[in-house]
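Here is a protein chain for you to look at, together with some questions that a careful first reading might raise. Each answer builds up step by step to the value or name that was asked for.

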Amino acid sequence: MQEKTICTNRIANHEYFILEKIEAGIVLEGSEVKSLRLNNVNLKDSFCVHYNGELYIKNMHIALYDKAGVFNTKDSRRDRKLLLHSDEIIKLKSKVEQKGLTLVPLRLYFKQALIKVELGLCQGKHTYDKKRSLMEKDIKREKEREIKNYK
């Protein structure tokens, strides 16, 4: 299957421990899909909430498509419904209600002709965890640099 990544949430890897990844569909309007094809989307501050038996992405910014005209949605940060089976929603809701867990969109991508969202069931990092992960990343980069220079 062909997957083309539209946008990734790089800050999520820094802010959270990702425990589990889930694929979900998303309900979009036509002008939003055209804007996504132009990579005019930002997942930086977005998160998922459970409301009325359904999951929604809040605060995901999809820029307005300039050629949409009258049919353009005026709110670029509106809540967007996620498409999951009801048993998956119940399972995720029970996990999110545990202390410290949250659902964060990690990336948007095309899967054939459909737009999918990869959700991460995440646990927040403390400042010392963030510092440790940055230190490990620097050490890994130094090792790869040394190996490159050794060859």
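Q: Leaving aside its neighbours within four places in sequence, with which residues is His-61 in contact?
A: This is a predicted model, in which local features need pLDDT of at least 70 and side-chain atom pairs count only at pLDDT 80 or more, while totals for chains, interfaces and linings use all residues. Residues are numbered from 1 along each chain as its sequence is written, and side-chain values use heavy atoms, with hydrogens and water left out. Contact means heavy atoms within 4.5 Å, and once the neighbours within four places in sequence are set aside, the partners of His-61 are Asn-40, Val-41, Asn-42, Ser-76 and Arg-77.

Q: Which side chain is joined to that of His-61 by a polar contact of 3.3 Å?
A: A polar contact is a pair of N or O atoms within 3.5 Å, where, within protein, one must be able to donate a hydrogen and the other to accept it, and residues adjacent in sequence count only if both atoms are side-chain atoms. His-61 lies in strand β6, residues 61-62, a strand being a DSSP run (E) of at least two residues, just as a helix is a run (H or I) of at least four, both numbered from the N terminus. At 3.3 Å, the side chain that makes this polar contact with His-61 belongs to Ser-76.

Q: Is His-61 buried, partly exposed or exposed?
A: Buried means under 20% relative accessible area, exposed over 50%, and partly exposed in between, with a 1.4 Å probe and protein chains only. The relative accessibility of His-61 is 24%, so this residue counts as partly exposed.

Q: How many disulfides does the structure hold?
A: A disulfide is a pair of cysteine sulfur atoms within 2.5 Å. The sulfur of Cys-48 has its closest cysteine sulfur in Cys-122, and because the two are 9.5 Å apart, they are too far for a bond. Cys-48 is buried at a relative accessible area of 9%, and Cys-122 is also buried, at 0%. The number of disulfides in the structure is 0.

Q: How many helices and how many strands are there in the protein chain?
A: From the N terminus on, the elements follow the order β-α-β-α-β-β-β-β-β-α-β-β-α. Counted by type, the protein chain has 4 helices and 9 strands.

Q: What percentage of the 151 residues of the protein chain count as buried?
A: The C-alpha atoms fill a box of roughly 60 × 40 × 30 Å, taken along the principal axes. Of the 151 residues in the chain, the share that counts as buried is 35%.
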